[in-house]
Amino acid sequence: MFSFFKNKNSSKTKKKQTYESIKSEMEKSADYKMAFYQNPFTGVKFSLHFITTLIDGKILQEDVLPSLLSKDFNDFEDLKTLVPIVDIQISTDESMIEQKLFNGYSMLTMDASNRKFAFIATKNEMGRKVSQPEVEFSVVGPKEAFVESLSDNLNLLRKRIPIKELTVEEFNVGSITHTRVALLYLDGLTDEANVNTMRQRLQDINFDQVMDSSFVEQLIADNSISPFPQLLDSERPDRVASVLIEGKVAVMVDGSPHALIGPTTLVEFFSAYEDYFLNFIVASFFRLVRVFAVAFSILITPIYVAALTYHYELIPKDLMATLVTSRQEIPLPPILEALFLELTIELLREAGARLPTKVGQTIGIVGGIVIGTASVEAGLTSNVLLILVALAALASFTTPVYRMGNTIRILRFPFLLLAQLWGLLGIVFCFCLLMGHLLRLTSLGRPFLSPLYPPRMKDLKDALIRFPFYKQAARPQYLRTNKNVRFSSQEGKKKLDIDE
């Protein structure tokens with residue numbers, strides 16, 4: 001219908017389109033309107049073209065039309081002085097017509113100058129207001145979250161970083177959607193290599209639609225077939241502002257309430273931003289709990305299968321008696337028993353996530369209790385494995401980043417299969433494969449396992465444990481920022497001594 005559906009073999013098709021041909025195509029849409037007017041004082045005839053579903057009619061009626069019908073309006077050059085709107089663009093480029101109209105502009109033409117156009121910003125900004133974070137909720141700290149409007153999101157960041165060095169570069173991504181994508185960084189602080197890498201990848205995106213930041217994350221990732229996310233996504237303006245000051249880059253997509261942050265590391269996916277609002281001892285304890293919970297969630301059921309299938313001698317006698325009692329009437333081997341419960345948990349998770357909120361909570365709670373109890377009473381699973389699977393599912397929820405939580409859920413299944421094949425040796429082999437993959441993984445060309453590998457002792461101050469703020473005087477080394485020192489550590493310690 002419109003010009004982007006023309007023959008792809010001819011790049012000149014769009015360039016050859018004239019004002020008349022574009023108008024004839026636009027008239028096929030019911031929400032395209034064209035209105036003719038004549039100034040009663042000067043006699044100037046003009047027409048306004050706009051998409052009714054994209055513009056704010058109040059702006060058009062109260063700000064634009066009264067100015068155009070005043071006695072001082074004679075030509076295009078009078079627009080910028082008469083119309084009380086900042087964004088007014090005058091051009092002779094006919095290729096801009098389609099782009100501007102579908103971005104909420106009203107186009108003005110005159111009979112005396114058919115080849116000259118004025119585009120007046122009358123866009124109707126619709127969207128939800130700033131609300132509390134839902135995915136990265138925290139008890140303490142700010143309660144603002146990004147929304148779907150790119151302008152509102154940039155406002156939230158500008159408010160937190162009110163300096164001229166905060167640079168915003170905009171791109172139009174998607175051959176059909178022409179989605180606005182913003183690249184953010186601190187000029188003079190962020191490493192140019194990281195900025196150039198992100199800029200090039202955004203410019204090289206060749207896809208017809210970009211509806212959300214997750215599209216961009218998949219299209220620009222270093223390894224698109226890896227289950228691990230290589231860019232950290234966040235809905236918190238305070239977290240994005242903090243990582244920008246550290247020297248990272250961020251990407252925001254119009255229509256998405258999540259920002260992408262890079263380069264990132266594996267340990268950041270187990271760090272909640274709420275950790276920085278707590279005492280460093282409490283925050284470090286919670287981080288270690290999350291790491292233990294992730295290891296427990298991945299390994300506990302494979303170890304159960306390996307121990308009962310191959311390694312009875314590793315089980316203490318008292319515990320062995322409990323396991324034998326719980327499994328004496330179970331007809332299934334441990335691997336089928338574990339797979340049955342794991343798949344049941346995944347079904348409950350998906351059902352709870354896809355149903356409306358109140359119904360989903362009921363399904364998750366009632367379904368888990370009913371199915372778990374019924375499976376034990378029917379003799380399909382043992383009560384010991386049911387407890388282990390429930391604890392593993394609970395432990396997987398401690399991951400503060402949703403995308404990494406999904407990865408943890410998937411990793412459990414290859415460990416289970418190899419545990420059935422080769423016992424503990426299969427678990428070790430699968431762990432080696434996982435570590436080999438993580439060692440090769442990068443984020444914007446930076447090591448994904450940093451600062452654990454390659455080891456960077458100074459960066460470990462904010463990795464698995466969090467040191468006090470006065471101990472974090474330097475920015476992360478792997479970011480290679482132009483200004484590595486954040487503040488004087490001696491001055492920070494001196495202030496602490498005075499307070500004490």
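A residue is taken as exposed when its relative accessible area is over 50% and as buried when that area is under 20%. In this predicted model, Val139 has a relative accessibility of 66% and therefore counts as exposed. Val139 is placed in the loop that runs between β5 (113-121) and α6 (150-160). The C-alpha atom of Val139 is separated by 32 Å from that of Arg456, a residue 317 positions away along the chain.

Strand β9, spanning residues 249-253, is mostly covered, with five of its five residues buried. In a regular strand, side chains alternate between the two faces of the sheet. In β9, Val249, Val251 and Val253 point one way while Ala250 and Met252 point the other way, and all are buried. On one pairing, β9 is joined to β7 (residues 179-186) in the antiparallel sense over four bridges, and within that pairing Val181 has Val253 of β9 as its bridge partner. Strand β9 also pairs with β10 (residues 259-262), again in the antiparallel sense and over four bridges, and here the bridge partner of Ala250 is Ile261 in β10. Five residues lie between β9 and β10 in the hairpin that these strands form, and Gly255 in the turn has a positive phi of about 100°. Strand β10 is in turn paired with β8 in the antiparallel sense, over three bridges, where Leu232 stands opposite Ile261 of β10.

When its neighbours within four places in sequence are left aside, Thr190 is in contact with Tyr185, Val195, Gly247, Lys248, Val249 and Asn482.

Among the helices, α12 (residues 334-354) packs with α10 (residues 280-309) at an angle of about 160°, the axes being 9 Å apart. Because of this angle, α10 is roughly antiparallel to α12, and the crossing of the two helices is right-handed. The contact involves Thr301, Tyr304, Val305, Leu308 and Thr309 on the α10 side and Pro334, Ile335, Glu337, Ala338 and Glu342 on the α12 side. By class, the residues of this contact divide into six nonpolar, two polar and two charged.

Helix α12 also meets α14 (residues 383-396), with axes that come within 10 Å and cross at roughly 40°. The angle is such that α12 is oblique to α14, and α12 passes α14 in a right-handed crossing. In α12, Glu337, Ala338, Leu341, Glu342, Ile345 and Arg349 meet Leu385, Leu386, Val389, Ala393 and Ser396 of α14. The residues of this contact comprise seven nonpolar, one polar and three charged.

From α12, the contact takes in Ile335, Ala338, Leu339, Glu342, Leu343, Glu346, Arg349 and Glu350, while α15 contributes Arg409, Arg412, Phe413, Leu416 and Gln420. The classes represented in the contact of α12 with α15 are six nonpolar, one polar and six charged residues.

Residue Thr301 gives a further view of this region from within helix α10, where it is placed. Its relative accessibility is 0%, so Thr301 counts as buried. Apart from neighbours within four places in sequence, Thr301 is in contact with Glu342, Leu385, Val389, Arg412 and Leu416. Of these residues, Glu342 is one of the α12 residues in the contact with α10, Leu385 and Val389 are among the α14 residues that meet α12, and Arg412 and Leu416 are among the α15 residues in the contact with α12.

Technical notes. Residues numbered from 1 in each chain as written. Predicted model: local features only at pLDDT ≥ 70, side-chain atom pairs only at ≥ 80, totals over all residues. Heavy atoms only, no water. Buried < 20%, exposed > 50% of the residue type's maximum accessible area, 1.4 Å probe, protein only. Pairing = 2+ DSSP bridges. Axes fitted to C-alpha atoms, helices over the stretch in contact; angles between N-to-C directions. Parallel < 35°, antiparallel > 145°, perpendicular 65-115°, else oblique. Left-handed = near helix turned anticlockwise from the far one by under 90°. Contact = heavy atoms within 4.5 Å. Nonpolar A, V, L, I, M, F, W, Y, C, P; charged D, E, K, R; others polar.
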